[in-house]
Amino acid sequence: MRSPRPYSPQSGPGTQSLTERRKAATQLDIARAACDLFAEHGPDGTTAEDIAQRAGVALRTFYRYFRNKQEAVAPLLAGGGDAWRALLAEEDPGTPLAEALARAITRSLSDSQAVEEGLEVTRGLLRAATADEALRAVWYRVNQDSEERLVPVIARLAGPGAEQLAVRLLAAAATDAIRISLELWSDTDAPVAGPGSPAEMAVRCLHDLTGAMPLLRRPADRAGSGAEPSWRSRPERGGPPGA
């Protein structure tokens, strides 16, 4: 089962060099091998040597990129965050943040076979993480990294007048909305699409976590009109507002 998206380290602006692309490809090959072996034998039944052999690399190459076998799955877990931030970055400044966030989350968690396959991989990893502290630590670190990289994306969309505290809080809430929905979903046999899916749950979490945040109110709302945020003025739906 392949990753829904390639992992690309966030090394700075500009196009990656050939060396960086090769490094990312090798990391992803190792991550896929680790994921397959964890699914077959569990983390306890898998060694770093097993992963390196399955990926077709030397053990020293494995340790050049990863400290341990659990760390090897980080590129797969990080790929989803990379993709959803990229989708959010496509939104135009001035777009209501509530709608932009819900739309990007929904798009990143649905609408393609590759995404569905990637969600099933994530479900397997999160189930394995319940009994593996090191694997849980990787999951939490990946989410923390994603939250930090989300801050400048939200800041650009919010505009120069946005308070730093408000931007940081929104980045944390949006990241947690996805994290919590995936964790809860992974404990069930719910489908990857439709009722009970990660996309539906994540948008619901986002609504509940951010509904009172001033940063998500329209300019008139922030001025004290008393109107509700734009996503509250529309009927609840399974997809993003306006979809």
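Which residues does L88 touch, not counting residues up to four places away in sequence? The legends below take up this question after an overview of the chain.

**Figure 1. Overview of the predicted model, a chain with ten helices and zero strands.** From the N terminus on, the order of elements is α-α-α-α-α-α-α-α-α-α. The chain has 243 residues, and 48% of them are buried.

**Figure 2. The largest nonpolar core of the chain, with 68 residues.** W84 and L88 are the residues with the most contacts inside this core. Two or more residues of the core come from each of the elements α1 (18–41), α2 (48–55), α4 (74–89), α5 (97–108), α6, α7 (133–158), α8 and α9 (198–210). The element that gives the most is α8, which supplies ten residues.

**Figure 3. Close-up of L88 and the residues it touches.** When residues up to four places away in sequence are not counted, L88 touches A100, L101 and A104, together with L150, V153, I154 and L157. This list answers the opening question about L88. L88 is also one of the two residues named for the most contacts inside the largest nonpolar core, the other being W84.

**Figure 4. The packing of helix α6 against helix α8.** Helix α6 spans residues 113–129 and helix α8 spans residues 164–186. The two helices pack at an angle of about 75°, and their axes are 9 Å apart. Because of this angle, α6 is roughly perpendicular to α8. On the α6 side, the residues that meet α8 are L119, E120, R123, L126 and R127. Their partners in α8 are L182, E183, W185 and S186. Sorted by class, this contact of α6 with α8 comprises four nonpolar, one polar and four charged residues.

Figure 5. Is E133 buried or exposed? Its relative accessible area is 63%, and E133 is therefore exposed, since the cut-off for an exposed residue is over 50%. The view also includes Q70, which is 63 residues from E133 along the chain. The C-alpha atoms of E133 and Q70 are separated by 9.5 Å.

Methods
Residues are numbered from 1 along each chain as its sequence is written. This is a predicted model: local features need pLDDT of at least 70, side-chain atom pairs count only at pLDDT 80 or more; totals for chains, interfaces and linings use all residues. Side-chain values use heavy atoms; hydrogens and water are left out. Axes are lines fitted to C-alpha atoms, for helices over the stretch in contact, and angles run from 0 to 180 degrees between N-to-C directions. Helices (H or I, at least four residues) and strands (E, at least two) are DSSP runs, numbered from the N terminus. Angles under 35 degrees count as roughly parallel, over 145 as roughly antiparallel, 65 to 115 as roughly perpendicular and the rest as oblique. Contact means heavy atoms within 4.5 Å. Ala, Val, Leu, Ile, Met, Phe, Trp, Tyr, Cys and Pro count as nonpolar, Asp, Glu, Lys and Arg as charged, and the others, Gly among them, as polar. Buried means under 20% relative accessible area, exposed over 50%, partly exposed in between (1.4 Å probe, protein chains only). A nonpolar core is a set of buried Ala, Val, Leu, Ile, Met, Phe, Trp, Tyr and Cys residues joined through side-chain atoms within 4.5 Å.
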